[in-house]
2 protein chains.
Amino acid sequence: MNLALMGFGTVGTGVEEILFKKKDFLSQKGFDINIKKVLIANANKKRYPKDDSIEFTANFDEILNSDVDTVIDVTSNLEETYKRIIELMNAGKNIITANKAVVSKYFEELNETARKNNVYFSYEASVGGAIPIIHPLMEELQFNEINSVSGILNGTSNFILSEMEEKGLDYDVVLKKAQDLGYAEADPTADVCGFDSQRKIRILSSLSYNAKIKEEEILTLGISNIKKSNIEFSKNNNYNIRLIANSQLKGEKIYITVMPMLVKDPFFSNTIKSLNKVRVTGEYFGEYRFFGAGAGKLETADAVIRDLLRIYNCSEIKPFYTAEKNYKVSTDLENKYYISVKEVKDALYKVINRDETNDLHHIITKNLNFDELKDILNSYEEDEIFVAAVEEEK
Amino acid sequence: MNLALMGFGTVGTGVEEILFKKKDFLSQKGFDINIKKVLIANANKKRYPKDDSIEFTANFDEILNSDVDTVIDVTSNLEETYKRIIELMNAGKNIITANKAVVSKYFEELNETARKNNVYFSYEASVGGAIPIIHPLMEELQFNEINSVSGILNGTSNFILSEMEEKGLDYDVVLKKAQDLGYAEADPTADVCGFDSQRKIRILSSLSYNAKIKEEEILTLGISNIKKSNIEFSKNNNYNIRLIANSQLKGEKIYITVMPMLVKDPFFSNTIKSLNKVRVTGEYFGEYRFFGAGAGKLETADAVIRDLLRIYNCSEIKPFYTAEKNYKVSTDLENKYYISVKEVKDALYKVINRDETNDLHHIITKNLNFDELKDILNSYEEDEIFVAAVEEEK
């Protein structure tokens, strides 16, 4: 099989490394795989592939018009990559992508175009790094209803939260450390503001419920306003704060949120460093939980290679997502919230749960509908308030 | 696709129920599956399939000589089922089995016969109930080295241990409760003496390391001698007792054990009721953890159906296990042990770790090689001694 790569960053070099190191081993198992070309933005930048015969090009047409069967997208670009994937599918090429931004924003279009052209569209690496989650879900969806999906889907924010907790450090200090260690990007917005988790829960939920979910319909709160005192408060009350992505199908409604949460459930609370966890419930299998490396060069490449070998053997599941279910995305869920502000304004004052609030800097609310919470959030500047849902007692 | 079932117990009725309820749904997705015949031991016993047109027979030849492509084995019989599976494979039929006793005892023969006849041999349901573990492992093994596999693989013994712990009850009382609830069989030997876990870790390890491992080479200790006082001791020392199956590949040696263990690692210690957990480490994916229902009618049937749909689509991975690696199974591992006896004999007296033992009924040993431990075990009657490994401090 001849293939091309789009992108040669962290994951791309990982894919090339595994395919190079395992060439003989794969060949013994009947997999004869050649990377014919790698698309990069800057053709003059020196690259160091393991296989030094690999050709680099900055000209997309060389990929589009080549004889490769399959293209692996490991770019992080959104609109340009989307257009290119569509062109490649229309040219009959299978697509494997680790690009969660593209998969999330254009999930309907990508599935439809793949179906129309009868090509494979595989995106295991877009959620949960090495964790096998997309493919097992696809297998279950052939005969199962999925009821809920939740998880810790962003390793960067989990690293920050668990590190603040363990070391008693400030957010800025830990963010800087995460950046120095390569866990966080120079611009950490997507991770710490919840957008990365939002994309992943959108992908998992749309696939699971066969429903269209727009990113902007997902109630998303991040951790960028968290202070040491919020961690201390949660510790003193036997909670851990984690950024949880959660979606449930109830009746004809999908409830879907990404928000910091005060949790006691050890599944979430024990998650430290940059690990990812996913929990899925379904009709026949009951509940699964998966845990593993949510990112990393070789870990993410591992997921790409699994997709690739399935496509090689024509054993991948063809796209069946049609977004045909007319479920409404709803925010009509009641929850208690933990709210930390300097000054308590009227709207907030009214919803304080007086039995559980001893200190007006650390408020636990009554059960609130999210629409009420929104009004409260809107009465503050974005950076004045830290909000987290409080896990229901079981 | 026409298929036959061998056995119509708990899992068999689950398989029939799902295929009946989801007939239209599966058909829309291109799966046209018919159960042509069900083999049962007693043809006179009244059966209640969902599809009342299903034919039952007690005559194996009717299955063997039928035109079915695939046979699902959900018996719990060992030798007879083994012979039948071999005959069916030789007749060109694919085999799906949930029968861990057969898969474990005859793993080499079953894989070889499947390969020789170019048929599928799928056994996801034999380990970990609904948890997708065999198939993900097979996918990884196409390009990965697996280094270790460990887990809580027996729900019955885990139910007993966690229930004794939570309720402060005696072993016999909890065993009786487990039997009343259907979690334990009338003869609980396979579960509480560790043989069920032994079979599962043998299957996972043989597959992972491509090595022959005989069941009797696996150091196996059960929980049937556990007393309330052992649970109390472990609680007082901030441990939980769990029955852990563990295998590691180090150099040319495989270390493989099933034994009760005093654990602090929350992955194991938080496992309650009849849940199963599996942890796998490998070359590129790092570490995965899976968690789910280790048994149950529909849960186990779910795993069978996943295998079935893969075979239907010719997308199952063909058996590649050849047992070609000459790794030695070794017991040459050092560990501390917790030993509870009424009377301390000489052999045991010599290995007491005096820093950690305050009470001669609850002994913590020095680091022992398992051969030394064996001598100690042999100096006691089997029912006089409870032994558990002590998790290494990290």
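The legends below describe close-up views of a predicted model. Local features are given where pLDDT is at least 70 and side-chain atom pairs where pLDDT is 80 or more, while totals for chains, interfaces and linings use all residues. Residues are numbered from 1 along each chain as its sequence is written, chains are lettered from A and ligands numbered from 1 in the order in which they are written, and side-chain values use heavy atoms, with hydrogens and water left out.

**View 1. Helix α8 of chain B and its surroundings.** Helices (H or I, at least four residues) and strands (E, at least two) are DSSP runs, numbered from the N terminus. Helix α8(B) covers residues 155–167, and its end C-alpha atoms are 18 Å apart, which agrees with the 18 Å that its 13 residues should span at 1.5 Å a residue; the expected span is 1.5 Å times one less than the number of residues. Eleven of the 13 residues are buried, so the helix is largely enclosed by the rest of the structure, where buried means under 20% relative accessible area, exposed over 50%, and partly exposed in between (1.4 Å probe, protein chains only). Among the buried residues are B:Asn158, B:Phe159, B:Ile160, B:Leu161 and B:Met164. The buried residues of α8(B) pack against β7 (146–152), α9 (171–180), α10 (189–192), α12 (228–236), β9 (240–250) and β11 (275–282) of chain B, with contact taken as heavy atoms within 4.5 Å.

**View 2. The two ends of α8(B), with B:Thr156.** At the start of the helix, a side-chain oxygen of B:Asn154 comes within 3.4 Å of the backbone nitrogen of B:Thr156. A polar contact is a pair of N or O atoms within 3.5 Å; within protein, one must be able to donate a hydrogen and the other to accept it, and residues adjacent in sequence count only if both atoms are side-chain atoms. B:Thr156 itself is buried, with a relative accessible area of 8%, and a polar atom of its side chain lies 2.8 Å from the backbone oxygen of B:Tyr183. Leaving aside neighbours within four places in sequence, B:Thr156 is in contact with B:Tyr183, B:Ala184 and B:Asp191. Just after α8(B), B:Gly168 takes a positive phi of about 65°.

**View 3. Aromatic pairs.** The structure holds 28 aromatic pairs over all chains, a pair being rings of Phe, Tyr and Trp (its six-membered ring) with centres within 6.5 Å, counted as stacked if the planes are under 30 degrees apart, edge-to-face if over 60, and tilted otherwise. The rings of A:Phe8 and A:Phe56 have centres 5.1 Å apart and planes at 80°, so this pair is edge-to-face. The pair links distant parts of the chain, 48 residues apart, with A:Phe8 in the loop between β1 (2–6) and α1 (10–21) and A:Phe56 in strand β3 (residues 55–57) of chain A. A:Phe8 is buried at a relative accessible area of 8%, whereas A:Phe56 is partly exposed at 24%. The rings of A:Phe31 and A:Tyr312 also form an edge-to-face pair, with centres 5.1 Å apart and planes at 70°; A:Phe31 lies in the loop between α2 (23–28) and β2 (34–39) of chain A, and A:Tyr312 lies 281 residues apart from it in helix α14 (residues 297–312). A:Phe31 is buried, with a relative accessible area of 3%, while A:Tyr312 is partly exposed, with 22%. Elsewhere, ring pairs link A:Phe285, A:Tyr288, A:Phe290, B:Phe285, B:Tyr288 and B:Phe290 into a cluster.

**View 4. Charges over rings in chain B.** B:Arg289 lies over the face of B:Phe267, at 4.5 Å from the ring centre, and B:Lys345 lies over the face of B:Tyr380, at 4.5 Å from the ring centre. A charge sits over a ring if NZ of Lys or CZ of Arg is within 6 Å of the ring centre and within 35 degrees of the ring normal.

**View 5. B:Asn335 in strand β14.** B:Asn335 is found in strand β14 (residues 334–340) of chain B and is buried, with a relative accessible area of 15%. The side chain of B:Asn335 reaches the backbone oxygen of B:Val390 at 3.1 Å. Leaving aside neighbours within four places in sequence, the contacts of B:Asn335 include B:Thr365, B:Asn367 and B:Ala389.

View 6. Most residues other than glycine have a negative phi. A:Asn210, in the loop between α11 (195–209) and β8 (219–220) of chain A, has a positive phi near 50° and is buried, with a relative accessible area of 16%. B:Cys314, in the loop between α14 (297–312) and β13 (328–330) of chain B, has a positive phi near 55° and is exposed, with a relative accessible area of 52%.
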